[in-house]
Amino acid sequence: MTTTVVWHPACRKHYGGAGHPERPRRIEAVLDALHHPNLETLITWVEGAPAERAALERVHPRPYLDSLETIAAAGGGALDPDTFLGPSSWESVLASAGVAVGAVERGMAEGTAFGATRPPGHHALADQAMGFCFVNNVVIAARHAQALGCARVLIVDWDVHHGNGTQALVEADSGVRFVSLHQYPWYPGTGAADERGVGNVFNVPRPGGLPRATYVRDLLAAVDSALAGWSPDLLLISAGFDSLAGDPLGEFTLEPEDIAQWTAALRERMAGRPVVGVLEGGYRLDLLAAGVSAHVRALA
């Protein structure tokens, strides 16, 4: 079996400033790793298309999107202390969201897919950029899937940081369930266990430094709770690799083989229904490459 990797060259164009951890080399490291000869028979490559406004506006209000486009056209600017929109960043934002949409379409058609998205998205709120994120790729993908007939969508987020934007955007929608394992307390400060939405939010806040098997077990236990009496049509994974041991922005202890174990276990629980990974964080290039490779191999 193979899996499809969706990518777009414009994802390299976003530049957040000298020394910024969310740098163009991240997506280059991901694509280089996935082009390794050991993976070539497992991957079908598809170049995505920039997201259309209609897909973005299912999640983000038009004035907010207009403001991002205007700021980029004027040369860029800081949107918060961590999040800088450069003059070419809007092209990357559209490309990244389009990659997520394309990955959903391929996953629905073929069973699995991975979207090599950059910049990431899970911190983006409806009308606020934060945490390196401008638009929420995984929620844009979920809304696109719903428009194509997937009424029930499960989102699992294993980035070391809580996907506060994703939670805020879906917590009133009983058709979406959101499971997040994240370091707590940590940026952005959200993701407590008692944040439940309409009963569709399953947060797993954990401190750094625990045995890796604890994180593996606890995420899958939360997924099983989310699946109790509920059967999703599609699984979207916010695949952040800053949860790997040694990443400079997190203190989890996971290894690439744990990513592979999670991916395989989630595919088993979905029992042939589509599973789509969407890239989020990961800031040490060798770990990012190893984690993505393990995830994509397990998808295939």
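A search of the whole structure finds 3 aromatic pairs, where rings of Phe, Tyr and Trp (for Trp, its six-membered ring) pair if their centres lie within 6.5 Å, and planes under 30 degrees apart count as stacked, over 60 as edge-to-face and the rest as tilted. Before selecting anything, note that this is a predicted model, in which local features need pLDDT of at least 70 and side-chain atom pairs count only at pLDDT 80 or more, while totals for chains, interfaces and linings use all residues. Residues are numbered from 1 along each chain as its sequence is written, and side-chain values use heavy atoms, with hydrogens and water left out.

Select phenylalanine 132 and tyrosine 283 to begin: this aromatic pair is edge-to-face, with 5.7 Å from centre to centre and 80° between the planes. The two residues come from distant parts of the chain, 151 residues apart, with phenylalanine 132 in the loop between β5 (112-115) and α5 (137-147) and tyrosine 283 in the loop between β10 (275-279) and α9 (285-299); helices (H or I, at least four residues) and strands (E, at least two) are DSSP runs, numbered from the N terminus. Phenylalanine 132 and tyrosine 283 are both buried, a word that means under 20% relative accessible area, against over 50% for exposed and in between for partly exposed (1.4 Å probe, protein chains only).

Next, select tryptophan 158 and tryptophan 262, whose ring centres are 5.2 Å apart with planes at 25°, so that this pair is stacked. This pair also links distant parts of the chain, 104 residues apart: tryptophan 158 lies in the loop between β6 (153-157) and α6 (164-170), and tryptophan 262 in helix α8 (residues 256-270).

Now move to arginine 196, whose charged end sits over the ring of phenylalanine 202, 4.8 Å from its centre; the rule asks for NZ of Lys or CZ of Arg within 6 Å of the ring centre and within 35 degrees of the ring normal.

Finally, zoom out to the whole protein, which has 9 helices and 10 strands. Its C-alpha trace spans about 50 × 45 × 40 Å along the principal axes, and of its 300 residues, 60% count as buried. A compact globule with 300 residues would have a radius of gyration near 19 Å, and the 17 Å of the protein agrees with this; the radius is taken over C-alpha atoms, and the globule rule is 2.2 Å times the number of residues to the power 0.38.
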